[in-house]
Amino acid sequence: MNIKFKSIFILLFIYAGCTDNANEKKIKKGEFLLVGNFINDSIPDGTIKFYDRRGKLNSIKNYKYGLLNGETVNYYSNGIIESRVDYKDDRKNGTYLIYDSLGHLIYKSNFYYGKEIGSVFSYDTSNNVIEY
């Protein structure tokens, strides 16, 4: 039983050591501090967090070799989500949602490789469609 516990502990220790956090870098870009993995210390690759001058999280973006790929989430200064959308090859691709500063959904549309498609919806604070 004791050997089993030690084996599990060693495997967990090895797994924890294999994470990419060791390669995480901090890069100043304009008024933002970017934290994440970068190729050649400049090309974002993976999840990158953007912080403003006060250290507040501004956005979380996912990159693949410098191009937006995956979910991007932007935040208001109060920490509430401002918008979220998926990207594929640096183009919006999927449902695009915008929220007010209290977290109410106010806008919804869909994109397919950068082109807005389908209906566009605007909502009031009670989540009722007010325009489409």
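This is a predicted model: local features need pLDDT of at least 70, side-chain atom pairs count only at pLDDT 80 or more; totals for chains, interfaces and linings use all residues.
User: What share of the residues is buried?
Analyst: Of the 132 residues, 23% are buried. Buried means under 20% relative accessible area, exposed over 50%, and partly exposed in between, with a 1.4 Å probe and protein chains only.

User: And how many contacts join residues at least 24 apart?
Analyst: Among contacts (heavy atoms within 4.5 Å) between residues at least 6 apart in sequence, 3% join residues at least 24 apart.

User: Which residues make up the largest nonpolar core?
Analyst: That core has 10 residues: Leu 34, Phe 38, Ile 48, Phe 50, Tyr 63, Leu 68, Val 85, Tyr 87, Tyr 96 and Phe 111. Strands E5 (46-51) and E9 (81-88) each supply at least two residues of this core. A nonpolar core is a set of buried Ala, Val, Leu, Ile, Met, Phe, Trp, Tyr and Cys residues joined through side-chain atoms within 4.5 Å.

User: What is Leu 34 in contact with?
Analyst: Leaving aside neighbours within four places in sequence, Leu 34 is in contact with Lys 25, Lys 26, Ile 27, Lys 29, Ile 48, Lys 49 and Phe 50.

User: Turning to the rings, how many aromatic pairs are there?
Analyst: A search of the whole structure finds five. In one of them, the ring centres of Tyr 96 and Phe 111 are 5.9 Å apart and the planes stand at 75 degrees, so this pair is edge-to-face. Rings of Phe, Tyr and Trp (its six-membered ring) pair if their centres lie within 6.5 Å; planes under 30 degrees apart count as stacked, over 60 as edge-to-face and the rest as tilted.

User: Where do Tyr 96 and Phe 111 lie?
Analyst: Tyr 96 is in strand E11 (residues 94-99) and Phe 111 in strand E12 (residues 105-112), so the pair ties together parts 15 residues apart in sequence. Tyr 96 is buried at 17% relative accessible area, and Phe 111 is buried at 13%. Tyr 96, Tyr 107 and Phe 111 form one aromatic cluster.

User: Which charged end sits over the ring of Tyr 96?
Analyst: The charged end of Lys 92 does, 4.1 Å from the ring centre. Likewise, Lys 61 has its charged end over the ring of Phe 50, 4.8 Å from the centre. The criterion is NZ of Lys or CZ of Arg within 6 Å of the ring centre and within 35 degrees of the ring normal.

User: How many bridges join E11 to E12?
Analyst: Six bridges join these antiparallel strands, and Ile 98 stands opposite Tyr 107 in E12. E9 and E11, also antiparallel, are joined by two bridges; Ser 83 has Ile 98 in E11 as its bridge partner. Two strands pair if DSSP finds at least two bridges between them.

User: Finally, is Asp 86 buried or partly exposed?
Analyst: Asp 86, in strand E9, is partly exposed at 36% relative accessible area.

Methods:
Residues are numbered from 1 along each chain as its sequence is written. Side-chain values use heavy atoms; hydrogens and water are left out. Helices (H or I, at least four residues) and strands (E, at least two) are DSSP runs, numbered from the N terminus.
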